[in-house]
Amino acid sequence: MRLGRIEEGQRRIRLECEIQCISCSKRVPGGIVVADGFDKTDEFHRMLEDLRETYLCGICRDAKRIEEAERAGRTTGDA
Ligand SMILES: [Zn+2]
């Protein structure tokens, strides 16, 4: 997964970060790809913290989307 901005032609590096889905604890496969040097910035650390607190894997994200759509359908009644 990519984190932050990576400019065209910029060197990128792969980081082995422990990120897990907050719902099912599945690990992110393949680590995180960032622009070379971005991993040394405060912005990167903030984004990584954010990700750790909010990350959902594809399956859980889909489940959540369906759940939210259903909830929206119930409240508006025109789903
Ligand atoms: Zn999950």
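Start by selecting L51, which is found in helix α1. Helices here are DSSP runs of H or I with at least four residues, strands are E runs of at least two, and both are numbered from the N terminus. Residues are numbered from 1 along each chain as its sequence is written. This is a predicted model: local features need pLDDT of at least 70, side-chain atom pairs count only at pLDDT 80 or more, and totals for chains, interfaces and linings use all residues.

L51 has 16 C-beta neighbours inside 10 Å, so L51 counts as partly exposed. The scale is simple: buried means 20 or more other C-beta atoms within 10 Å of a residue's own, exposed means 12 or fewer, and partly exposed lies in between, with C-beta atoms placed from the backbone.

Now select all of α1, residues 42–54. From first C-alpha to last, its 13 residues reach 18 Å, close to the 18 Å expected at 1.5 Å a residue. The expected span is 1.5 Å times one less than the number of residues. Zero of the 13 residues are buried, so α1 lies largely in the open.

Move to I59, in helix α2 (residues 58–76). I59 counts as exposed because it has 12 C-beta neighbours inside 10 Å. Its C-alpha and that of K26 are separated by 9.9 Å, 33 residues apart along the chain.

Finish at S25, in the loop between β1 (12–15) and β2 (32–35). Exposed or buried? Exposed, because S25 has 9 C-beta neighbours inside 10 Å. Check its backbone: phi is positive, about 70°, although S25 is not a glycine. Most residues other than glycine have a negative phi.
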